[in-house]
Amino acid sequence: MNPIKKTITLPDGREITLETGKLAKQADGAVELRMGNTMILATVVSAKEAGEGVDFMPLTVEYKEKFSANGRFPGGFLKREGRASDYEILTARLIDRVLRPLFPDNYHADTIVQVTMYSADGVDAPDALAGLAASAALTVSDIPFQGPISEVRVARINGEFVINPTFDQLQQADLELMVGATYDNIMMVEGEMQEVSEQVLLDALKAAHEAIKVQCVAQMELAKEVNNAKREYCHEVNDEELRKDVREKCYDKAYAIAKQGCADKHWRAESFAKICDDYIASLPEEEQEEKAPLVKRYYHDVEKEAMRRCVLDEGVRLDGRKTTEIRPIWCEVNYLPGPHGSAVFTRGETQSLATVTLGTKLDEKIVDEVLDQSKERFLLHYNFPPFSTGEARAPRGVSRREIGHGNLAHRALKSMLPKDFPYVTRVVSDILESNGSSSMATVCAGTLALLDAGVKMTRPVAGIAMGLISDGQKWAVLSDILGDEDHLGDMDFKVTGTTNGITATQMDIKCDGLSYEILEKALMQARDGRLHILNIINETIPEAREDYKPNVPRIVTMTIPKDLIGAVIGPGGKVIQGIQEQSGAIVSIDEIDNEGYIEVAAPNKEAIDRALDLIKGIVAQPEEGEVYTGKVMTIQDFGAFVQFMPNRDGLLHISEISWDRLPDMEASGLKEGDEVTVKLIEVDKKTGKYRLSMRALQPKPEGWVERPREPRRPRGEGGERPERRDRGERGERGDRGPRSPRRNNF
């Protein structure tokens with residue numbers, strides 16, 4: 001065993017170590033990463049040969065967190081790790097999106113990258129380290145890889161950029177980005193921010209890239225010491241004469257279709273496909289089946305070149321638009337009668353139907369992950385059924401792509417929801433038609449549906465997807481890209497925001513040498529497109545509805561002192577269940593910021609008011625001079641005990657029942673169960689006992705003279721009572737028998 005270790009120092013002095021040669025030595029590449037008490041192991045294995053007929057890069061990236069890493073048991077009956085959580089899927093996608101473009105175009109062997117977190121301290125976020133670990137494992141392996149890369153999280157805290165902030169630091173950030181890059185080029189960006197400017201975003205990217213360069217150098221040094229030569233492979237057999245013939249006979253035809261600028265996606269697809277089919281049909285019959293796969297591969301390159309040259313040389317896009325032009329948009333709110341809010345947003349051939357559901361605290365999503373045990377009050381779910389692109393395929397659950405697109409839209413909208421919003425909110429976007437960015441359509445449709453539901457957003461949010469065509473010398477930034485422009489282009493750059501600034505972004509780069517000049521151009525062009533879409537949203541629904549729809553549950557919140565939470569809940573939840581039964585409302589209670597936070601929800605005001613009255617009766621503090629209606633609980637010789645507030649009894653002394661002198665309680669006419677109106681005349685702060693009066697609410701008889709109270713026995717000097725008589729004068733206790741029990745008369 002000959003382990004090799006490298007150390008990376010972050011700008012704030014924290015250290016990351018990379019070590020290989022100790023663990024998982026039978027993998028093609030394995031690297032152990034440590035930062036503080038966080039340890040991640042990344043392994044990579046690639047098949048020696050490509051599968052038959054495979055002409056793409058079959059890369060699989062998995063990210064997994066062990067519950068034992070933080071000393072926890074997994075939930076559920078099985079008590080073991082199961083399917084990947086959304087967080088693990090999103091982290092795996094971040095790694096995949098940076099690594100995938102960096103494998104050679106002709107490398108087609110099955111490749112599995114597996115990143116596992118084995119230890120964590122809850123201080124440093126492991127997802128910001130996973131990309132570095134995966135790249136290091138590939139870099140020290142014999143697998144051909146055009147890296148290294150690394151990923152860092154950059155956050156702006158108090159105006160300063162921090163690389164890989166801790167969980168605590170992230171709570172103070174107004175910008176948070178995950179950035180993946182090689183030493184020379186940024187490859188991937190994803191994150192959220194609180195309406196920051198385009199310049200701030202560019203500055204954050206530059207800060208992240210400088211940190212990534214240091215991490216790439218460390219991996220190069222590690223690989224140099226490992227000295228593992230890259231494997232030789234041959235996964236493609238090409239026919240250069242056939243490639244040349246396909247280009248000569250198909251390029252002009254493909255260019256002519258691209259130049260027509262037809263907005264019909266299906267017509268373009270059929271026309272392009274016909275060129276390829278006609279070429280295959282022109283081959284000798286005995287060669288058609290054998291050469292068809294190669295022809296299709298070569299024709300794909302021809303079609304890609306024709307589209308790109310048409311844009312760069314003539315400024316003509318596939319659907320005839322200018323580079324800055326947005327496709328026609330129509331939208332409508334209140335489209336469905338049942339949901340609490342709904343909207344349709346259609347941009348060109350991309351359409352989202354969004355619905356909003358407003359719920360109570362009981363609808364919160366419980367998050368139970370290794371390093372995150374929390375509750376989520378804003379949910380956004382994105383669905384992409386096959387019919388949206390005309391595919392005859394049965395849906396098979398939620399894909400990783402759907403989780404990723406939904407997460408981007410979630411980040412775009414969540415910061416614009418009103419602060420202290422009492423409702424748990426769920427937005428669902430169903431993509432009914434797709435040719436272009438459906439995640440950006442989701443942001444726009446989600447905004448419309450939220451406003452239709454009466455959610456008073458801080459500001460509406462819109463999103464747009466930008467593309468890039470570049471040949472290394474000439475380049476063009478495209479607004480509102482089509483699906484084909486995404487597939488055949490060099491960049492997919494999604495930007496969401498308000499009139500004030502950017503709220504979320506996602507970028508994937510497929511070319512080398514993307515300059516900050518191009519990025520700035522794309523961001524400013526995206527801003528113009530975003531403002532155009534926001535104007536259309538504003539014309540459709542200028543502001544949130546004044547009131548919620550009739551079928552929305554009404555919610556009222558209140559806070560109580562922390563020490564009264566138990567009184568509202570009661571033993572075994574008996575009190576709170578009783579409140580719900582008596583009122584018909586749903587009552588939930590939680591401790592937030594050292595206070596009791598109560599949420600009361602019901603379909604009508606009467607139920608809410610009844611529940612609030614019951615709660616206030618429990619938590620209200622009795623005040624001297626206030627009048628209460630109570631119930632006689634017990635009768636004693638000296639008076640009655642009256643429950644004047646829930647769980648609070650006071651003494652109604654016989655002398656306080658009437659201005660007349662009563663010989664006994666029988667003369668008062670009070671019986672147990674009687675309802676009486678009383679005034680609280682004294683609260684004993686030491687004992688917590690209450691004195692009540694009925695006569696204080698009755699007119700004083702004419703000529704009434706208050707009988708003076710007998711003075712208390714005077715105390716001696718220094719506050720001491722006079723000395724008792726000598727015990728001998730009174731006799732010994734034993735001479736008088738045992739002391740009789742005292743009566744507690746209040």
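Where is the place of Pro-148? Pro-148 sits in the loop between helix 2 and strand 7 (149–157), where helices (H or I, at least four residues) and strands (E, at least two) are DSSP runs numbered from the N terminus. A cis peptide bond joins Gly-147 and Pro-148, with omega at about 5°. What you're looking at is a predicted model, in which local features need pLDDT of at least 70, side-chain atom pairs count only at pLDDT 80 or more, and totals for chains, interfaces and linings use all residues. Residues are numbered from 1 along each chain as its sequence is written, and side-chain values use heavy atoms, with hydrogens and water left out.

Let's stay with backbone geometry for a moment. Most residues other than glycine have a negative phi, and most peptide bonds are trans. Asn-334 has a positive phi, near 55°, and is not a glycine. You'll find Asn-334 in the loop between strand 11 (329–333) and strand 12 (341–347). Asn-334 has a relative accessible area of 39%, so it counts as partly exposed; the scale here calls a residue buried under 20%, exposed over 50% and partly exposed in between (1.4 Å probe, protein chains only). Asp-420 has a positive phi near 55° too, and its place is in the loop between helix 8 (400–414) and strand 17 (424–433). With a relative accessible area of 76%, Asp-420 is exposed.

The axes themselves are lines fitted to C-alpha atoms, for helices over the stretch in contact, and angles run from 0 to 180 degrees between N-to-C directions. The crossing of helix 2 and helix 4 is right-handed: right-handed if the near helix is turned clockwise from the far one by less than a right angle, left-handed if anticlockwise. On the helix 2 side, the contact (heavy atoms within 4.5 Å) uses Leu-132, Ser-135, Ala-136, Thr-139 and Val-140, and helix 4 brings Gln-215, Gln-219, Leu-222, Ala-223 and Val-226. By class, that contact between helix 2 and helix 4 has 6 nonpolar, 4 polar and no charged residues. For the bookkeeping, Ala, Val, Leu, Ile, Met, Phe, Trp, Tyr, Cys and Pro count as nonpolar, Asp, Glu, Lys and Arg as charged, and the others, Gly among them, as polar.

Helix 2 also packs with helix 1: the two axes come within 10 Å and cross at roughly 45°. That makes helix 1 oblique to helix 2, and their crossing is right-handed. Tyr-87, Thr-91, Ile-95 and Leu-99 of helix 1 meet Asp-127, Ala-130, Gly-131, Ala-134 and Leu-138 of helix 2. The residues of this contact of helix 1 with helix 2 split into 6 nonpolar, 2 polar and 1 charged.

Further along, helix 6 (residues 265–282) and helix 7 (residues 285–314) pack at about 145°, with their axes 10 Å apart. Helix 6 crosses helix 7 in a right-handed way. Among the residues that make this contact are Phe-272 and Tyr-279 of helix 6 and Lys-296 and Glu-303 of helix 7. The contact of helix 6 with helix 7 has 9 nonpolar, 1 polar and 2 charged residues.

Glu-88 lies in helix 1 (residues 86–99) and is buried, at a relative accessible area of 7%. Its side chain reaches the backbone nitrogen of Ser-85 at 2.8 Å, which is within the limit for a polar contact: a pair of N or O atoms within 3.5 Å; within protein, one must be able to donate a hydrogen and the other to accept it, and residues adjacent in sequence count only if both atoms are side-chain atoms. Glu-190, in strand 10 (residues 186–196), is buried at 6% relative accessibility. A polar contact of 2.9 Å links the side chains of Glu-190 and Gln-506. Then there's Glu-19 in strand 2 (residues 15–20), buried with a relative accessible area of 11%. Its side chain makes a polar contact of 3.3 Å with that of Lys-22.

Key: Angles under 35 degrees count as roughly parallel, over 145 as roughly antiparallel, 65 to 115 as roughly perpendicular and the rest as oblique.
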